[in-house]
Amino acid sequence: MPPRSNAAASGGTSSTLPAIDLPDDMGVCACGEASRRAFDNSAPEYDSLVGQEELFMGLRLLRWWLLGKSEGRVLEVACGTARNIDYFRAAPDGATEPSQGVTSLTLVDASQGMLDEARRKARERSTSRGALAEVRVVKASAEALPLDDGEFDTVADTFGLCSMDDPVGALLEMQRVCKPGGKILLLEHGIGTWEFINGLLERSAPKHFAKWGCWYNRDVDAIVKASGLRVVSRSRWHFGTTYVYECEPASKAELDAIRSRRGG
Ligand SMILES: C[S@@+](CC[C@H](N)C(=O)[O-])C[C@H]1O[C@@H](n2cnc3c(N)ncnc32)[C@H](O)[C@@H]1O
């Protein structure tokens with residue numbers, strides 16, 4: 001198995017892998033620029049590149065099932081081309097309770113190319129029946145969200161943790177901007193439960209990162225645990241390589257303690 005160390009994870013295109021099993025700065029990898037370039041480049045074709053595989057793997061069903069739980073003011077982090085936009089159930093006019101549906105959607109991504117596609121899709125959908133009343137698009141890093149504490153009822157991320165420099169840091173930020181008792185919904189991919197599949201993922205990960213800007217061999221359970229998230233439900237699919245989580249944010253005191261342990 002190739003070495004896993006933070007020092008080794010620079011640039012991410014050689015035979016090194018991102019650090020994923022260090023307790024304090026788990027998942028930190030200085031590969032963000034390379035990842036952003038990969039997504040900027042693939043943005044115009046991204047939907048057609050991944051569409052068939054997603055259909056074949058039943059990922060649309062998982063997206064629909066998970067994101068249908070979104071309510072109230074929703075933040076989607078690492079939104080990509082807004083592939084989830086049709087799965088958010090819009091609240092009726094004059095809704096007063098989050099449980100009535102989604103009242104606003106904020107889409108965040110670090111790649112301008114992906115955000116351009118997301119904005120185009122949001123505009124296209126804006127006149128259709130059941131469209132979301134308010135959609136805003138923000139270019140930002142998931143690890144440093146320019147958003148207020150407790151601003152959202154629901155925070156969602158699908159297939160984002162695999163591309164981020166610091167996935168634990170991003171989950172801490174998602175918890176900060178989620179209101180206490182709110183929902184954090186995650187659909188992610190990473191190492192599986194079968195050794196032979198994990199061997200394949202480990203060996204091909206650097207090549208996959210170079211092409212797609214994503215490390216598909218991260219240990220998502222370990223990342224979630226390190227972030228302090230309170231797990232309400234969790235399931236794994238596709239030999240354990242697809243992870244579906246419904247969580248609640250940890251308390252402010254717990255988040256502060258994790259941050260100070262990480263030195264931030
Ligand atoms: C595999 S794509 C997933 C896109 C979308 N969530 C989906 O489900 O189709 C990963 C996305 O994460 C974004 N991303 C990577 N690192 C990020 C970061 N640190 N902050 C915000 N977005 C990031 C990329 O630009 C890309 O759009």
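**Figure 1. Phe-159, a buried residue with a positive phi in this predicted model**. With 20 C-beta neighbours inside 10 Å, Phe-159 counts as buried, a residue being called buried if 20 or more other C-beta atoms, placed from the backbone, lie within 10 Å of its own, exposed if 12 or fewer, and partly exposed in between. Phe-159 belongs to the loop between β4 (152–158) and α5 (167–177), where helices (H or I, at least four residues) and strands (E, at least two) are DSSP runs numbered from the N terminus. Although Phe-159 is not a glycine, its phi is positive, about 55 degrees. Most residues other than glycine have a negative phi. The model is predicted, and local features need pLDDT of at least 70, while side-chain atom pairs count only at pLDDT 80 or more and totals for chains, interfaces and linings use all residues. Residues are numbered from 1 along each chain as its sequence is written.

**Figure 2. Ala-82 in the loop between β1 (72–77) and β2 (102–109)**. Ala-82, which is not a glycine, has a positive phi near 65 degrees. Ala-82 is buried, with 25 other C-beta atoms within 10 Å.

**Figure 3. The shell around the ligand**. Among the 22 residues around the ligand, Ala-78, Gly-80, Ser-111, Ala-142 and Ser-163 come nearest; a residue is near a molecule if its C-beta atom, placed from the backbone, lies within 6 Å of it. Helix α1 (residues 32–42) supplies the largest share of this shell, four residues. By class, the shell holds nine nonpolar, eight polar and five charged residues, with Ala, Val, Leu, Ile, Met, Phe, Trp, Tyr, Cys and Pro counted as nonpolar, Asp, Glu, Lys and Arg as charged, and the others, Gly among them, as polar.

**Figure 4. The open sheet of seven strands**. The strand order is β3-β2-β1-β4-β5-β7-β6, with mixed pairing, two strands being paired if DSSP finds at least two bridges between them. At the edges stand β3 (135–139) and β6, each of which pairs on one side only. From one strand to the next the twist averages 15 degrees, with axes taken as lines fitted to C-alpha atoms, for helices over the stretch in contact, and angles running from 0 to 180 degrees between N-to-C directions. α5 packs on the sheet, touching β1, β4 and β5, and its direction makes about 145 degrees with that of β5; contact requires C-beta atoms, placed from the backbone, within 7 Å.

Figure 5. Because 11 of the 11 residues of α5 are buried, the helix is largely enclosed by the rest of the structure.

**Figure 6. β5 and its pairing with β4 and β7**. Nine of the 12 residues of β5 are buried, so this strand is largely enclosed by the rest of the structure. β4 and β5 pair in the parallel sense over six bridges, and Phe-152 stands opposite Cys-178 in β5. The chain crosses from β4 through α5 to β5 in a right-handed β-α-β crossover, meaning that, with the strands pointing away from the viewer, the path from the first strand over the helix to the second runs clockwise. β5 and β7 pair in the antiparallel sense, again over six bridges, and the bridge partner of Leu-187 in β7 is Val-244.

**Figure 7. The hairpin of β6 and β7**. Seven bridges join the antiparallel strands β6 (residues 230–237) and β7 (residues 242–248). Ser-235 stands opposite Val-244 in β7, and Arg-236 has Tyr-243 as its bridge partner in that strand. Four residues lie between the strands of the hairpin, in which His-238 takes a positive phi near 55 degrees.

Notes:
Two residues are in contact if their C-beta atoms, placed from the backbone, lie within 7 Å.
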